[in-house]
Every structure is written in structure tokens, then in C-alpha cells.
Amino acid sequence: MADISTQDMLPIGDWVNKIIHFMLDHNAGAFDAIGNTIDWFATMVEFLLLGIPPLVMGAIFACVGFWRLGWKFALFVCAALGLIWATGFWGQTIATLALTLSATCVSLLLGVPVGIWCARNKLVGMLVRPVLDFMQTMPAFVYLIPAAMFFGLGRVPGILATVVFAVPPAVRLTSLGIRMVNKEQVEAGHAFGCTSWQLLFKVQLPIALPSIMAGVNQTIMMALSMVIIASMVGAGGLGNDVLASIQRLDVGLGFESGLAVVLLAIILDRITESFGHTPTTRAAEQGS
Amino acid sequence: MQSAKIVVKNLYKVFGGKSSDVMRMLKSGAHKDEIFKQTGSVVGVNDVSFSVQEGEIFVLMGLSGSGKSTLIRLINRLMDPTDGQIILDGQDITKFNYKQLVELRRRDMSMVFQSFALMPHRSVLDNAAFGLEIAGVDRKTREARGMEVLEQVGLAPFAHKYPHELSGGMQQRVGLVRALAVNPSLMLMDEAFSALDPLKRSEMQDILLKLQREQRRTIFFVSHDLEEALRIGTRIAIMEGGRLVQVGTPQEIIENPADDYVRNFFKSVDTSRYLQAKDLIEVNHAPHAGRPGLHVPPSCSLPDVLQQLLGQTEPLQVRDDQGQCLGLITPSSVLSKISQHRLQSTATH
């Protein structure tokens, strides 16, 4: 009895292995091209961010915090970044930020158009939904394996595994936002002679913006959490320290690096969240 | 002789199912309930024909579910009719392709919505200029035009506010401005004032009537409020279960309601308020030609007739445009007509 249940009656794992190997053997050129492009982009982002002196970077964050959320948050930003700098994690934090932003850019570039497509085409929406469920619930570590096989170790597989994990909220919330646009507002667009594109860019997307911004926020948060895990394939940044602390059972190092992640997360979360609540979009939420 | 702006011929709209089967059943005389039972298809508009004259306010009345919202959406083809013709300025727009349709909506027609349907991310001025922007008019021209129309409805000081900063009545004025800004020859208004409180509603009706006096357009107005229909309508069409039951001027419908459905609309309405001088003529008096004395036009309202009549011993003359005397109004003829209407409306309660 017990033997039967452990036997590979349905060898899905083997099939997946075969598919991955087939893809590796036959599409190496394509993977190289994708890998090189993403590597170039991520390197650029990191180079730019690391090029900014800590004080200037802190000032930029504090200013954005003050603009979006007021002086109390600006003060928090200063304290948080000061703490990160003082514990000696500045470089890693910026590397993590660069990874997160790169992965977020790629996720949005893919996710928003797919979300629009899902909202406009019922069939596409129906097909994409289970795929998104799969992507979100599959344990995140699992993506690291094929990513590393396709792209080797380093930043690129880390970013791509992160994109797989972070793209669903962008798709979902874009699609939701567009579908939630009031029926009469869409009719108004048509009634005044909008073409499909005009309807999308002048009616649907602007009205869906709060929802899309919530998607951006979620994507950033998912990306940040995944970027840490992606250190297992050598993505770098704060994840390296977290990983080292686990390997050495160093609670102190784990706490310090973990704290840097938390502080970065809070700053990114509050700032991006605030973009979903501009005075003009609040009206849409109230349904006027 | 006025010319027809819209001529609708044998228009049908069927929702769901195979429309060719449903059309065959309808044309062989099947009832819509029967069709729903057999096929699951809903007949929204069922063999409707009418015409709207150039420059009139044509009010389409009916209870919810009667198909009036569907009918108005067929006219600018937000919905595609299943069968029949809609002839606008001599062209059958049911045959238009997508490109012609976009062009038509930009050039000839606009729409006002029950929920206002303003764009929350646009300022009042940008909302007002929305139609022109879609049509590709440059910023300077469209904003000037937007301001011009905002001024006509007294909203110019609010041009740079956002819709959520305005009251409901003001928001719908923006909706009206948006529709007027494109200078359409046909304006569709779907329950445009129904979401407003009674005071604001009559204020909006006044604005509409004032604008209509200054710049005659053809207006197709959907409403479920008879008082509104009687107040603004040049002609009224009454719809029930996807069919048109009656089309006529307010007076015609008050005087001769086609059936109980139409009569039911008047239950809570004091129809005597809508009587005009020509309805009050004493039937037993032959009109005397060329006699001097006080006279009123045939469309003179009841309050005005009463004012003229007060303190007079002589009967009041009703004269048409050519000065022809159509008949005489006496206190007793007015009283009998009013009491007749009052009794009618209390009898139906």
C-alpha cells in the first residue's frame, strides 16, 4: 500500500525536467539575449543608484516622503536610512533596492499590458487567471531552480525568478481596475466617439489608476521579499547577509540585515501607496 | 412643415440566444414572455417605429424594464439593433461601420447620463472639453468652447475644480455642458435629471428649456417621471414591455390616454395643471369673428388664462397666429374642465 503511493505513477517531475532540458538545448540563444538585456539593465540601475552618495540619496528619499506624506514620515525616513547606514548595510541595501526596482520595472512592463488584455478579453482573462494563481502559490524557491539553469548564477536568474513571483498583482489589479470602471463612464467614452485606444488611455486607464497603483505597490513588496530569497542563486544585496546569518547561525547579523529589509520595505510601501490616493482619485473611490 | 431628424422603422433588440430564431418567432406573432420561456432570450425592444422632428424635445417614458434605456442606446449604437432601421438625417445608421460610427458620434450626437459619468481625473473644464478633445480639436479652441458653454450654465467659476468638489446638480450641469460643447444636432439624455432632488431637477429642466429656446436642437429624452415629460416634452412617447404604446403631444396624451398603463402614469399627477387655452374653450359658444376684447394664444397656460379671466365679465377669446378666433373661454368652461380632470385623477386612486 505505502509502496504504491510513493511510486511515480504520474511522473510530472520527469516531464518538467525534460521540457526544461529541451528548452535549454534548443533556445540557448534566446535565453542569452534575454539574460544579457536584463543584466545590462540591472547593472545600469545599480550603477546609477550606487553612484549617488548616501547623504544625497537620503535627502532624495526624505524629500519624496515629505512631499507625499508630510514631515513626520520624512523624519522617519531620515532615521531609518541613518540606522541602515550606521549598521554598515548601506551598500547591500542599495543593491537590494536596485534589484527590486529592476525586477519591478520588468514585472510592470509585462504585467500591466497583460492586465489590460485580460480586462478587455474574457477568454484571455479566463486563461490567465489560473496561471497567476499558480505563479503566486508555487513556493518561491522553486523558481530559482529553472532560473539558475537557464541563466546561470547571479543577478539575472534572481531578477527573473522575482519577476515570476511579483507579476501577478500587477496583472490582477490592472485588470480589476479596468473592469471596475463605471459602465456609464465607458458608455460616455463611446458616446463621444472614442476609438478603442482613446477609450483605454483617456477613460479606462486614468480611472483605474488607483487600482493600478495598488498593483504597483504590491508588486514592489513581492519583489522585495523575493529578491532576498533570490540571494540563494547569487543575486546579491541584503539577501547575502541574511543567507550568511542562517549558515553561521548568527542571530545578530540576521537581525541587522533583516531590519534593513524591513525599513526599506516600509519606506517603499508608504511612498508607493500614497500615489494611489491623490485628491482626484479619491473621488473615484467614493464613486462620484 | 418640419422635417424628421430621426425615423425609426420596425426596430428590434433581442438579448441573448440566437437572434435569427427569435426574430422569426417575433414576426410570426409570438409574445415576448413566450419567447423568453422557450429560448431564454429577452426581447428589449419589440417592433418600435416612430419619428423625431427637427428641433423638438421628444420624451420617451416608461417604467423601469420597459426598454427605454435600451432604445436610447440603439440610437447612438452603444447597442447594436437586432433588426430594423434608424434613419438619421436621411442615412440608415444601422448600416454604419465602426469608422463611420465614431465619426457620427463625434460630429452629430452627444449623450447625458443618469449617473453623470464624468471623468473624476479631469477638471470641470477638461470634462467639458472631453468630446472636442476626442475629436482632435486643439487645446486652445476646445478650452475656449468649453468655457463658453460653462458660462451659459453658470459654471465658469468652477472650471478648474474637480467633479467630486461639486454638488450633484452642478455635476450634471457639467454633464450637460460636455454634451453641448460638441455642438451636436442631436442630444440624447438618459434619465438625465432622475438622480437629482426635485428642486434641482426642476432647475435643470429650466436650464434645458432656456438653452433650447436659444439654440434649437433635437433632444431625445428618456424619463420615468411624467411631470418632467409634461413639462419639457414637445411630444411624449410611452413605452411598455419593449413596445411603444402611445406617441403624442402632452395634451393629446392627457386628453386621450391609450390604455390603463398610460392612465396609471397620471395617478399621482394633477393633469389639470397642463391644460392650455385651447383645451378650455366653451363648446356651447360659437366663436365670433373679429370681435374686440381680451384674447390669448391657444397654447396659453392655465394660470395665465385664469389671470386674464379674473375680474372680466366678457368671455376670453382664443386666437391663433393669424388672429383667427378659435373659440371663447368662460369661467364656467374653465371650471368644468378643471373639475373633470380633478375627478378623473381622484377616481383612479
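How many bridges pair strand S12 (residues 316-319) of chain B with S13(B), and in which sense do the two strands pair? S12(B) and S13(B) pair over four bridges in the antiparallel sense. The structure is a predicted model.

**The three-stranded sheet of chain B**

- S12(B) and S13(B) belong to an open sheet of three strands with the order S11-S12-S13 and mixed pairing.
- At the edges of this sheet are strand S11 (295-296) and strand S13 (325-329) of chain B, and each of them pairs on one side only.

**The four-stranded sheet of chain B**

- A second topic is an open sheet of four strands in chain B, with antiparallel pairing and the order S2-S1-S4-S5.
- Strand S2 (42-53) and strand S5 (91-92) of chain B each have a single partner strand, so one side of each is left without a neighbour in the sheet.
- Helix H1 (residues 19-27) of chain B packs on this sheet, where it touches S1, S2 and S4 of chain B, and its direction makes about 110° with that of S1(B).
- Strand S1 (residues 4-15) and strand S4 (residues 83-88) of chain B are joined by five bridges in the antiparallel sense.
- In this pairing, B:Val8 stands opposite B:Ile86 in S4(B), and B:Lys9 stands opposite B:Gln85 in S4(B).
- In a regular strand, side chains alternate between the two faces of the sheet.
- S4(B) also runs antiparallel to S5(B), with two bridges between them.
- S4(B) and S5(B) form a hairpin with two residues between them, and B:Asp89 in the turn has a positive phi of about 50°.

**Salt bridges**

- Side chains of opposite charge can pair when their charged atoms come close.
- Over all chains, the structure holds 25 salt bridges.
- One of them joins the side chains of B:Lys27 and B:Asp83, at 2.7 Å from N to O.
- B:Lys27 is in helix H1 and B:Asp83 in strand S4 of chain B, so this pair ties together parts that are 56 residues apart in sequence.

**Chain A**

- Chain A has 14 helices and zero strands.
- Along the principal axes, the C-alpha atoms of chain A fill a box of roughly 60 × 55 × 45 Å.

**The interface of chain B and chain A**

- In chain B, 31 residues are in contact with 24 residues of chain A.
- The size of an interface is often given as the accessible area lost when the parts come together.
- Chain B and chain A bury about 2200 Å² between them, and 61% of this is on carbon and sulfur atoms.
- The interface has three salt bridges, and nine residue pairs are in polar contact across the interface.
- A salt bridge links A:Glu187 with B:Arg73, with the closest N and O atoms 2.6 Å apart.
- The elements that give two or more residues to the side of chain B that touches chain A are helix H4 (98-107), strand S6 (109-112), helix H6 (130-134) and helix H8 (168-181) of chain B.
- This side of chain B has 16 nonpolar, eight polar and seven charged residues.

How values were computed. Residues are numbered from 1 along each chain as its sequence is written. Chains are lettered from A and ligands numbered from 1 in the order in which they are written. This is a predicted model: local features need pLDDT of at least 70, side-chain atom pairs count only at pLDDT 80 or more; totals for chains, interfaces and linings use all residues. Side-chain values use heavy atoms; hydrogens and water are left out. Two strands pair if DSSP finds at least two bridges between them. Contact means heavy atoms within 4.5 Å. Axes are lines fitted to C-alpha atoms, for helices over the stretch in contact, and angles run from 0 to 180 degrees between N-to-C directions. Buried area is the accessible area (1.4 Å probe) that two parts lose on being put together, summed over both. A salt bridge is a side-chain nitrogen of Lys or Arg within 4 Å of a carboxyl oxygen of Asp or Glu. A polar contact is a pair of N or O atoms within 3.5 Å; within protein, one must be able to donate a hydrogen and the other to accept it, and residues adjacent in sequence count only if both atoms are side-chain atoms. Ala, Val, Leu, Ile, Met, Phe, Trp, Tyr, Cys and Pro count as nonpolar, Asp, Glu, Lys and Arg as charged, and the others, Gly among them, as polar.
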